[in-house]
Amino acid sequence: MFSVDQIDTRTGTASTYEFSHGNTLPLTGVPFGMNYLSVQTTQADTPWWFDPHQTAFAGLRITHQPSPWIGDYQHVLFTPLSGDGFAETPLLTYDPKAATFAPHLLHLTEQGQQIAMTATAGLTGGAIRLHSLTGTTLRLRTTSPKSAYVNTENNVITLTTSNFSGSEDPDFTMWLTLTVPEGQPLPTVEAAGTDATDLVFTTATAEVRFATSFLSAQQGKLNLSRLAQFSFDDLVAVHRKAWQTHFDQIEVSDHHADRENLFYANFYRALLFPMRFYEEDAKGAPQHYDTTSKTVRPGKLFTNIGFWDTYKSSFPLYTLLMPAQYHDFLEGCLNSFKETGFLPRWLSPDERGMMPGTMVDAVIADAAVKGQAQDLMPQFLEAMIHGAETISHDPKYGREGLAEYLELGYVPAEIHESVNKTLDYAYSDWLISVVATSLGKTEIAAKYAKRSENWRNVFDPSVKLMHSKDKAGHFTPGFDDLAWGNGFTEGGAWQSSFAVYEDLPGLIEATGGKDAFVENLHKMVNQPAVYHVGSYGGTIHEMRELAAQPFGQLAISNQPSFHLPYLFAIASDSHSTELVVKQLLLHAFSTAPEGYPGDEDNGSMASWVLWSGLGFYPVTPGSGKYVLGVPFFDHVAIHLPNGNTLTLTTPNNHDALNFVGERTLNGKPLNGPFISHAALEAGGEMRTTLQLLG
């Protein structure tokens, strides 16, 4: 059984503004927690505040940062200091090779002052233990922009912080409450300069409990009181169990030494986001802060999630492994709709309006087609139709360019990212039809199924790719299949032209049939990984990441390309899917700080690794089907929440064998490119034999 203690959370953290190896952070907490702890290695005001190779550190940080491109909010830094303290918060020293970066535990030693620092975090709070190796007394400095000391009352120290990268509420506040275990003297509180407070201890060993709240100081104290029954070691054990319970759900064994670690390192990342944004009152009822009305409301809410990134990989994983948690996520989406008037697109902590499309539609329809959250579907159908028909005056909400889409059947080139918006809206129209069908609303289903054919309006048969079209109905001149932008999002025509998830048979036919479609796919992967900057006007990090991988125009470094390897199989060329997926798994991913080929993005790329390693992938969320690929592990046992077990066995799993020779399910041949969600839920054994040649 794989242990959570074997995980090093620094996978993908060696990233910069110029090049992403994941743009991840080494987060310690519990799955889908409200706060995470991390090490901060710089004092600079930058979203790239952790460097895995840096020996300097500023302290441990409470963070809510989902991505450096989004930024952090309500972050607080804890810095260990000797009794005499420092006038300014210093940059300290530690040995990253000797430190522990685990999902449930952080441990490091500040070398200059010889202070050992150990920390753990749970849903709304955690604990930090300090120990002076030289016997000197201790301080723990809390530093946060726009923070203030409130008071000390009943052994609870309360501070507030109000820093955030964006919010509908300009006064959005987090309450930070601090205390010590019973029997330990409460530290005195001293001002330590602007936005900094010192907790001054009289001993060489100290422990601080902390909790946060977005609701009130009183709720913060309630969250803190829930830690009192646990010792520090008990808290660590509880938080460890929260991860181990998930890890035990999937048993992976493999004769390659590092392959099990690759699976679970990615499973850890897939369980971090979305983050919880609700708290439980004294009776255990969920409540959350609504930044739109600036009031506390009942119900669940989640944040720090971009649906454009995650709808196609991580959310389908949750439907299979944790449908009850998936229901909670959907409840949060519905509450977001009720409070803002639109379903969410990119939350952190509230709507940021990033990326095209309303891709939460896929999260909803995927539940509908799998028979999950049926109690919520009538309200969701209303919300989805509202987003498809209502023009928002705030571009953060709804569908940008909707008026033109409704009038022309496509978003014209005069509007930014016009092709991707058109394709996303057409897919969302089909997703509305899926939910309507599940509710027996045949007329509504027919209307939106017909409208989902709008992808055809931006398909250019002369180049067999998507092409931006102006308001007059003409394809824009000077088409360049290597140019980025020009109607496309974070890519060009090769990366985004195949995003017709709802009608891949139609796309194949429009391209000229299966042979022509497969020829186009081979052209995509068998050309140099070069790019032209196009309308971006300069090189962005995604361009460099494309060029760094030897897979032609298949930019596995970014979400638009995630499904591309599986399209060969849909067009009856399964061996090409198997070859490309196997080579990507072998060469594009590792558990190192440089372990991802591009932005990992809230569990989305990690989930691609998980799905692809299992041997199938959800190309079309909302269809209830997966496309078969090639297994990467000797043996996998998935313990499903319905009590069934799905076993995946590959007896001759060798790196040199790239192709599937035979695949059976419960002893019967499994032919064709698809397997249904229902078949996976039923459990049993899928046995795959690999072969050398196609």
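This is a predicted model: local features need pLDDT of at least 70, side-chain atom pairs count only at pLDDT 80 or more; totals for chains, interfaces and linings use all residues.
You will find Gln 114 in the loop that runs between strand E7 (106-110) and strand E8 (115-121).

Met 355 is a residue other than glycine with a positive phi, near 70 degrees. Is Met 355 buried or exposed? With a relative accessible area of 18%, Met 355 is buried. Met 355 belongs to the loop between E24 and H7.

While we are in that loop, let's look at the peptide bonds. Ser 348 and Pro 349 are joined by a cis peptide bond, and its omega is about -15 degrees. Pro 349 is in the loop between strand E24 (346-347) and helix H7 (360-369). Elsewhere, the bond from Phe 273 to Pro 274 is cis, with omega near 5 degrees. Pro 274 sits in the loop between helix H3 (259-270) and strand E18 (275-276).

Now to the sheet. Six strands make up an open sheet, with antiparallel pairing, and the order is E1-E3-E4-E10-E15-E14.

Strand E4 (residues 76-82) pairs with E10 in the antiparallel sense over six bridges, and here Ser 82 stands opposite Leu 138 in E10. Moving along, strand E10 (residues 138-143) runs antiparallel to E15, and five bridges join the two. Across that pairing, Arg 141 is opposite Asp 198 in E15.

How many residues of strand E15 (residues 196-200) are buried? Five of its five residues are, so to speak, under cover. On one side we have Ala 196, Asp 198 and Val 200, and on the other Thr 197 and Leu 199, and all are buried.

E14 and E15 form a hairpin, with four residues between them. In that turn, Gly 193 has a positive phi of about 105 degrees.

My last stop is a pair of helices. As a reminder, two packed helices are described by the angle between their axes and the distance between the axes. For helix H8 (residues 377-389) and helix H10 (residues 418-438), the angle is about 155 degrees and the axes are 10 Å apart. H8 and H10 are therefore roughly antiparallel to each other, and their crossing is left-handed.

Which residues meet there? From H8 come Met 377, Leu 381, Met 384, Ile 385 and Ala 388, and from H10 come Asp 429, Leu 431, Ile 432, Val 435 and Ala 436. By class, this contact has nine nonpolar residues, one charged residue and no polar ones.

Definitions and conventions. Residues are numbered from 1 along each chain as its sequence is written. Side-chain values use heavy atoms; hydrogens and water are left out. Buried means under 20% relative accessible area, exposed over 50%, partly exposed in between (1.4 Å probe, protein chains only). Two strands pair if DSSP finds at least two bridges between them. Axes are lines fitted to C-alpha atoms, for helices over the stretch in contact, and angles run from 0 to 180 degrees between N-to-C directions. Angles under 35 degrees count as roughly parallel, over 145 as roughly antiparallel, 65 to 115 as roughly perpendicular and the rest as oblique. A crossing is left-handed if the near helix is turned anticlockwise from the far one by less than a right angle, and right-handed if clockwise. Contact means heavy atoms within 4.5 Å. Ala, Val, Leu, Ile, Met, Phe, Trp, Tyr, Cys and Pro count as nonpolar, Asp, Glu, Lys and Arg as charged, and the others, Gly among them, as polar.
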